[in-house]
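Here is a short report on one protein chain. Keep the sequence and the model side by side as you read.

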Amino acid sequence: MTAAEYNLLDMDQKTHLLWTYGELLDERVDYGKSRTFMYHLQGFYVEISINVKDESIRRVRALESPGDWNGYLKSVSLEELLSSS
């Protein structure tokens, strides 16, 4: 399955695959609004956004384009990676 094929699934199918086979990698918090989790799933990456007020799932989608990574790249410290060399 590709990221594009995953994005065509309905919410129940997406979450079932994610909970069963996904590996949690990262979490971002938009305080007062949502928590967004990044998972690795069968060769691609999926993010799931959860509403912090009622714990409902707002969105589940596989990342398909470079722009999808912007929120995660801001949280990575390149200084740590460079200093360990």
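## Overall layout

This is a predicted model. The chain has 85 residues, and 28% of them count as buried. It holds four helices and four strands. Read from the N terminus, the order of elements is α-α-β-β-β-β-α-α.

The accessible surface of the chain comes to about 5900 Å². Carbon and sulfur atoms account for 51% of that area. Now take the contacts between residues at least 6 apart in sequence. Of these, 32% join residues at least 24 apart.

## The nonpolar core

The largest nonpolar core contains 13 residues. Which of them have the most contacts inside it? They are Tyr-6, Leu-18, Leu-41, Phe-44, Val-46, Ile-48 and Ala-62. Helix H1 (3-7), H2, E2, E3 and E4 each give two or more residues to this core. Strand E3 gives the largest share, with four residues.

Look at Tyr-6 next. Leave aside its neighbours within four places in sequence. Tyr-6 then contacts Met-1, Lys-14, Thr-15, Leu-17, Leu-18, Leu-41, Phe-44, Val-46, Val-60 and Ala-62. Is Thr-15 buried or exposed? Its relative accessibility is 11%, so Thr-15 counts as buried, the cut-off being under 20%. Not counting residues up to four places away in sequence, Thr-15 touches Tyr-6, Ile-48, Ile-57 and Val-60.

Strand E3 covers residues 44-51, and strand E4 covers residues 57-62. How do they pair, parallel or antiparallel? They pair in the antiparallel sense, over five bridges. Ile-50 stands opposite Ile-57 in E4. The hairpin has five residues between its strands.

Glu-55 sits in the loop between E3 and E4. Its phi is positive, about 60°, although Glu-55 is not a glycine. Why is that worth a look? Most residues other than glycine have a negative phi.

Gln-42 is another case. It is not a glycine either, and its phi is positive, near 50°. Gln-42 lies in the loop between strand E2 (34-41) and E3. With a relative accessible area of 43%, Gln-42 is partly exposed.

## Salt bridges

How many salt bridges does a search of the whole structure find? It finds four. Two of them involve Glu-47, and they are taken in turn here.

The side chains of Glu-47 and Arg-59 meet in a salt bridge, at 3.2 Å from N to O. Glu-47 lies in strand E3 and Arg-59 in strand E4, so this pair ties together parts that are 12 residues apart in sequence. The side chains of Glu-47 and Arg-61 also form a salt bridge, at 2.9 Å from N to O. This pair links distant parts of the chain, with Glu-47 in strand E3 and Arg-61 in strand E4, 14 residues apart.

How accessible are these residues? Glu-47 has a relative accessibility of 1%, so it counts as buried. Arg-59 is at 39% and counts as partly exposed. Arg-61 is partly exposed too, with a relative accessible area of 23%. A network of salt bridges links Arg-28, Glu-47, Arg-59 and Arg-61.

Arg-35 and Glu-27 make a salt bridge as well, with their side chains meeting at 2.9 Å, N to O. Arg-35 is partly exposed, with a relative accessible area of 30%. Glu-27 counts as partly exposed at 35% relative accessibility.

Met-11 belongs to helix H2, which spans residues 11-21. Its relative accessible area is 36%, so Met-11 is partly exposed.

How values were computed
Residues numbered from 1 in each chain as written. Predicted model: local features only at pLDDT ≥ 70, side-chain atom pairs only at ≥ 80, totals over all residues. Heavy atoms only, no water. Buried < 20%, exposed > 50% of the residue type's maximum accessible area, 1.4 Å probe, protein only. Pairing = 2+ DSSP bridges. Core = buried A, V, L, I, M, F, W, Y, C linked by side-chain atoms within 4.5 Å. Contact = heavy atoms within 4.5 Å. Areas by Shrake-Rupley, 256 points an atom, 1.4 Å probe, with all protein chains shown as cover.
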